[in-house]
Structures are given as C-alpha cells and as structure tokens.
Amino acid sequence: MKEAVETAFAEGLVKVVFATETLALGINMPARSVVIEKLSKFTGEHHEFLRPGDYTQLTGRAGRRGIDERGYAVVFWSPFVPFEQVASLASRRTDALRSSFRPTYNMAANLVRRYDKAEAHHLLNLSFAQFHADRDVVELERQLERIGQALARQRELAHSDFGDVAGYRALVTELADARKGRGELRRVAEAMETLRPGDVVAAPRRGGRVVILSHDSAGAGWRGSWR
C-alpha cells in the first residue's frame, strides 16, 4: 500500500497525501506544497518543538525539481505559537553538519595492512572530516591574508617624517626599562638602610653570606665580612 501511494503520488494520480514526518523524511516524494499541521512532535516520551533542521527537512519537500518554479510551505495557525516564533524558525539556518569520523589505531592498522601509503592517504582524504579540515585551512589562510593587508595599511598610515610608530615604541620600552631599573635600585637602597651591624645578608652572586660589621655615616658605605 505504501509503495502504491508513493507511485500514484509521483505520477500525479493522487493529489494529496496525509503523512507523518517519518514518511516525509524517509522517501523522496516532493510535492508542490507542504502543509504542517503543528510545529511540535511527540518523541515517545514528551512533545517538543521542531528544530530548524526538522523544519527545513519537512518544507524541503515543497517544489518539484524541473517542474515547479517555487514550492510553498504552509503552517497551520495555533493560539499557542506566535507568528514571530514561526518566522524565526523559518528564517534560521540549520545546524552545521559536523563529521563524527575519528581515526583509531585499528583503522590505521587496517589501512596499512591492506593498502600502500599513497592509497591509504587518498582514502582518508575522501572523508567528510578531511573536507571540513581543508575548508577550515582555506578560511584561515584568507583571514591571515586579510590581516596582513590591514597591517600593511596601518604601517603605511603610521609612517611619518618626524618618526614612525616603531621608533616611538622602542623609546617607550627603553624609558620603561630605565624606570624599572631606578625603582629596583631605590628598593635596594631602602633595604640597605634598614641593616644594622651584626646582620647577616645572603649574597647569591658571591655564593655565600655577608656579615654587616659597621656603617660609615660619612657616605663611604657599608663594610662587611664574607663568609
């Protein structure tokens, strides 16, 4: 009976077919118009709203290739589904297809055992996952090219007869390093001011420790003994 209905509908002998989504998704039976009674379906446990992919698959039956210039999709009005929700569902893009192909050790062993290196590499390149990887590489190369062009334009704009940005950044870095060095010297001087005779200070560069013996208040500095 199912095959008879499909054949009769394809031949134009049956004008209207009432079907579940299983029939609509499972066979190649395009029509000029597709009418969806409601935008929810029963999963066997609960009712859930159609996803964009489900809606696209159902309405994709509308319009026969080579026969109809366009197809029509009709959704019954429902007081529980606002028009904005239907419009959003119809305008959203479907979820991107992603390959679940993951090479395993067994797969690699079988490829090596049955094929030579060139043929095994060719078989892997035919996978949907490799198609996505190649497309991603091309997109990354385009992004790098666009970034390089933008960087070149910015460098041209940054050029000046009075000095360019690179020189300015070098001066800023040099100034920051000088300030950092003065800050370290100031911290060392402040730490030394707290030393008193008898204190022991570690001297890593000398490989030992220093004992403070005395302090010359005239400005000659500290006098210590190495241990």
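**Charges and strands in a predicted model**

Arg179, Lys180, Arg182, Arg186 and Arg187 together make a positive surface patch. This is a predicted model, where local features need pLDDT of at least 70, side-chain atom pairs count only at pLDDT 80 or more, and totals for chains, interfaces and linings use all residues. Residues are numbered from 1 along each chain as its sequence is written, and side-chain values use heavy atoms, leaving out hydrogens and water.

Q: What makes a group of residues a patch?
A: Its members have over 30% relative accessible area and no salt bridge, with like charges joined within 9 Å and nonpolar side chains (Val, Leu, Ile, Met, Phe, Trp, Tyr) within 5 Å. Lys and Arg count as positive.

Q: Why is Lys180 called exposed?
A: Exposed means over 50% relative accessible area, buried under 20%, and partly exposed in between (1.4 Å probe, protein chains only). Lys180 comes in at 55%, so it counts as exposed. You'll find Lys180 in helix H8, residues 165-193.

Q: What makes the contact between Arg146 and Glu139 a salt bridge?
A: The rule asks for a side-chain nitrogen of Lys or Arg within 4 Å of a carboxyl oxygen of Asp or Glu. Here N to O is 3.6 Å, so the pair qualifies. The whole structure has one salt bridge.

Q: Why is Arg146 called partly exposed?
A: Its relative accessible area is 46%, so it lands in the middle class. Glu139, at 33%, is partly exposed too.

Q: How do you know that E1 and E4 pair?
A: Pairing takes at least two DSSP bridges. E1 (residues 33-36) and E4 (residues 72-75) have four, in the parallel sense.

Conventions
Accessible areas come from the Shrake-Rupley method with a 1.4 Å probe; for residues, only the protein chains shown count as cover. The place of a charge is taken as NZ of Lys, CZ of Arg, CG of Asp or CD of Glu. Helices (H or I, at least four residues) and strands (E, at least two) are DSSP runs, numbered from the N terminus.
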